[in-house]
Amino acid sequence: MQDNPRLNREHIDRIRSVAQLRSVRSGEVLYEPSCPDVPVFVVLDGTVSISRAGEGGKILAVRERGQFTGEMSVISGSRSLLTARVTKDGNVLELTRDKVLSLMAKDTELGDILMGAFVARRLLMIQLGEGNVILFGTKSSARTLAIREFLTRNGHPFTYVDIDSDNCAGGLMEQLAVRNGEIPVVYCNRRYVLRNPSIFELAACLDLNINVDKGVRDVLVIGAGPAGLAAAVYAASEGLKTLVIEKSAPGGQAASSSRIENYLGFPTGLSGQELANRSIAQAQKFGAQLMVAQSVVHIDSSRQPYKVVLESGLKFNARSIVIATGAQYARLPIEEAEAFTGRGVYYNATHMEAQLCDSEEVAVVGGGNSAGQATVFLAQRSSKVHLLVRSRKLSESMSQYLIARIETNPKIEIHYLTQIVAVSGTAHLEGIEWKDDSLGLEVTRPIRHVFVMAGAAPRTEWLEDSFVLDKKGFVVTGPDLIGYKNSQWPLSRSPLLLETSVPGIFAVGDTRAGSVKRVASAVGEGAMAVHLVHRFLAETIERDNAA
């Protein structure tokens, strides 16, 4: 992907038919970080500089004849992160966001050029830390790690300043009147200083949800893991008005994986975060909207369109709903372990967490694919990896290619029939004790980093008053509803395959009873749900017309 391609005359002529010709003068600001729904400007003659906010902002790029402005904020409709200023008189073609999305949908060649440049530019901004956020924190701060994960998983560029190791940290903190005891501190939009903010407060400051309107949705997707994002892509590509609501950040459990190698179409593998980022961009390209840091607490299914109620008090109406809240890893069943979350006990295994334990001895808890991927990944940077498995073998829940890598890696030691029984430390995890049932031993090791990826519980507790759930909390769907206890199916037809006890509301991925915890099957269920949504919407329209 090129971050600064040059359009030829034919390309420009095709854009000209839907754009506005505009004369510009040196010094004129085309857009700045306060602007949402940023247009794209194609330079016909003259030059436009792209820089950080402010008069003296560093120039990051220059767009000349045949080149164009814009990055992923054009697709999402969020506020621009940078300033575009004319540096030489000339003429430009101004293309509104709506026109950009329409053009990309109709013109494959131009769509590929624009989208490729937008994605490449956002990736470059992330690599360089160029954006509207400076985060001050420390490696030992769990809240710092949580904010870093949130920004990373939302694909939002930021500069991280470690106050323990960065020589410039003191001067910057003095300018902002920030004290060490207040970290993590976020300098947001180069205007606001947030001291130990919640994820909701940070999302609000960054206006991450600014472009979400209040109209009735054809499809409302709850959860932005692989299943939810797949549903969003397929729904939006079919022209259905689609909104995705995510409690924290996109990606679900898959985003905690450093590498996925058994997903169709990616022979060299990709990280869970890469898969999520590609899916988000794809969904937004087709017009889907995404809300983050927002929790759904209730679905009012008493009438159509259904009403979805958020913890913040916001309400949205939708003709159909896809529940894709997924599952969460089981916490270590040790009371003291909760205090070390983010400070030695982790429920992700990405490059961010791996940096915290470089060259140290670590432990991974779990016997499934996520644990296997984490083990192989961490073995690249750690001095030794202990894989603690409750069962007698790996093949019960792990892919063969991972088993082969684990068993042949000299830096990995597998402990079967083993589980952690105690943890110790003060400000940070300092040691763990595990029980080996196969040998009847209890072992204490000075391990400071434990990655937990064992077991999973569905995130469905908020549904128990309105939907039929099984004894483990998974949503019961489709034919399984017939004759199920407390289930009273209201229609003459049988429930569709992924349909819940409420017609027109579907459950997919690890939310649903009988699901298989694999990325591919989650994506497949998300796609299938949209096909069934089509059937339901057509049925509803036919019934309304008959009435």
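**Notes on the predicted model**

1. Of the 547 residues of the chain, 54% count as buried, that is, under 20% relative accessible area, with exposed meaning over 50% and partly exposed in between (1.4 Å probe, protein chains only). This is a predicted model, in which local features need pLDDT of at least 70 and side-chain atom pairs count only at pLDDT 80 or more, while totals for chains, interfaces and linings use all residues. Residues are numbered from 1 along each chain as its sequence is written, and side-chain values use heavy atoms, with hydrogens and water left out.

2. The C-alpha trace spans about 80 × 75 × 45 Å along its principal axes.

3. The structure holds 1 disulfide, defined as a pair of cysteine sulfur atoms within 2.5 Å. Cys 188 and Cys 205 form this bond, with their sulfur atoms 2.3 Å apart, and the link is left-handed, with -120° about the S-S bond. Cys 188 lies in strand S8 (residues 185-188) and Cys 205 in helix H7 (residues 199-205), so the pair ties together parts that are 17 residues apart in sequence. Cys 188 is buried at 0% relative accessibility, and Cys 205 is also buried, at 13%.

4. Cys 35 counts as partly exposed, at 25% relative accessibility, whereas Cys 168 is exposed, with a relative accessible area of 51%.

5. The axes of helix H1 (residues 9-16) and helix H4 (residues 108-128), as lines fitted to C-alpha atoms over the stretch in contact, come within 11 Å and cross at roughly 100°, on a scale from 0 to 180 degrees between N-to-C directions. The two helices are therefore roughly perpendicular to each other (65 to 115 degrees). The contact, meaning heavy atoms within 4.5 Å, is made by His 11, Arg 14 and Ile 15 of H1 and Glu 109, Leu 110 and Ile 113 of H4.

Note on methods: Helices (H or I, at least four residues) and strands (E, at least two) are DSSP runs, numbered from the N terminus. Angles under 35 degrees count as roughly parallel, over 145 as roughly antiparallel, 65 to 115 as roughly perpendicular and the rest as oblique.
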